[in-house]
Amino acid sequence: VQLQASGGGLVQAGGSLRLSCTASGSIYSINAMSWYRQAPGKQRELVAASISESITNYAESVKGRFTISRDDAKNTVFLQMNSLKPEDAAVYYCRMRVTTTRFEAPFEYWGQGTQVTVSS
């Protein structure tokens, strides 16, 4: 299973970006999908999680500005980021809990990360 993240880039403060992450490979099902970020010198932190299409949670720092969504048919998770701030700059990683066969326990997979830079 591989996760491919995309959509990062350079944006001015107040701007928007939309990240995408698609899983490929031997996939039976995916339940939790989430986005993390890691800024230089800081620990990786949870930004947003989609436990299912109707259950989501967000870090306090992004509530009201970021929206996580998913397309289960395409094994894809999105992160719409609005009103970006310089402190949102980081490498963003997607993570998915994937079951590869009906007989296996789920396993957590990570994407390679996509850089988000916010200029003030």
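1. Basis. The model is predicted; local features require pLDDT of at least 70, side-chain atom pairs count only at pLDDT 80 or more, and totals for chains, interfaces and linings use all residues. Residues are numbered from 1 along each chain as its sequence is written, and side-chain values use heavy atoms, with hydrogens and water left out.

2. Open sheet. Four strands form an open sheet in the order β1-β3-β8-β7, with antiparallel pairing. Strands here are DSSP runs (E, at least two residues), numbered from the N terminus, and two strands pair if DSSP finds at least two bridges between them. The edges are held by β1 and β7; each has a single partner strand, so one side of each lacks a neighbour in the sheet. On average, neighbouring strands of this sheet are turned by 15° against each other, direction ignored; the axes are lines fitted to C-alpha atoms, and angles run from 0 to 180 degrees between N-to-C directions. The antiparallel pairing of β1 with β3 comprises five bridges, and Ser6 has Ser20 of β3 as its bridge partner.

3. Nonpolar core. The largest nonpolar core contains 29 residues, and Trp35, Leu79, Met81, Tyr92 and Met96 have the most contacts inside it. Such a core is a set of buried Ala, Val, Leu, Ile, Met, Phe, Trp, Tyr and Cys residues joined through side-chain atoms within 4.5 Å. Two or more residues each come from β1 (2–6), β3 (17–24), β4 (29–38), β5 (45–50), β7 (66–71), β8 (76–81), β9 (90–99) and β11 (114–119). The largest contribution is that of β9, with five residues.

4. Surroundings of Met96. Which residues are in contact with Met96, leaving aside its neighbours within four places in sequence? They are Leu3, Cys21, Ala23, Ile30, Ala32, Met33, Asn75, Val77, Phe107, Glu108 and Tyr109, where contact means heavy atoms within 4.5 Å.

5. Positive phi angles. Asn75, listed above among the contacts of Met96, lies in the loop between β7 and β8. Its phi is near 50°, a positive value in a residue other than glycine. Ser83, in the loop between β8 and β9, also has a phi near 50°, again positive in a residue other than glycine. Ser83 is partly exposed, at 41% relative accessibility; buried denotes under 20% relative accessible area, exposed over 50%, and partly exposed in between (1.4 Å probe, protein chains only).

6. Salt bridges. How many salt bridges does a search of the whole structure find? The search returns seven, a salt bridge being a side-chain nitrogen of Lys or Arg within 4 Å of a carboxyl oxygen of Asp or Glu. One of them joins the side chains of Arg37 and Glu45 at 2.7 Å, N to O; Arg37 is buried at 5% relative accessible area, whereas Glu45 is partly exposed at 36%. Another joins Lys63 to Glu60, with the closest N and O atoms 2.7 Å apart. Lys63 is partly exposed at 45% relative accessibility, and Glu60 is exposed at 63%.

7. A link between distant parts of the chain. Arg65 and Asp88 form a salt bridge in which the closest N and O atoms are 2.7 Å apart. This pair links distant parts of the chain, 23 residues apart: Arg65 is in the loop between β6 (56–58) and β7, and Asp88 is in the loop between β8 and β9. Both partners are buried, Arg65 at 11% relative accessible area and Asp88 at 0%. Arg37, Glu45, Arg65 and Asp88 are linked in a network of salt bridges.

8. Arg70. Not counting residues up to four places away in sequence, Arg70 touches Ile30, Asn31, Met33, Ser50, Ile51, Ser52, Glu53, Thr76, Val77 and Phe78. Its side chain reaches the backbone oxygen of Asn31 at 2.7 Å, and a polar atom of the Arg70 side chain lies 3.4 Å from the backbone oxygen of Ile30. Arg70 and Ser54 are 16 residues apart in sequence and 10 Å apart in space, C-alpha to C-alpha.

Conventions
Polar contact = N/O pair within 3.5 Å; in protein donor to acceptor, adjacent residues only side chain to side chain.
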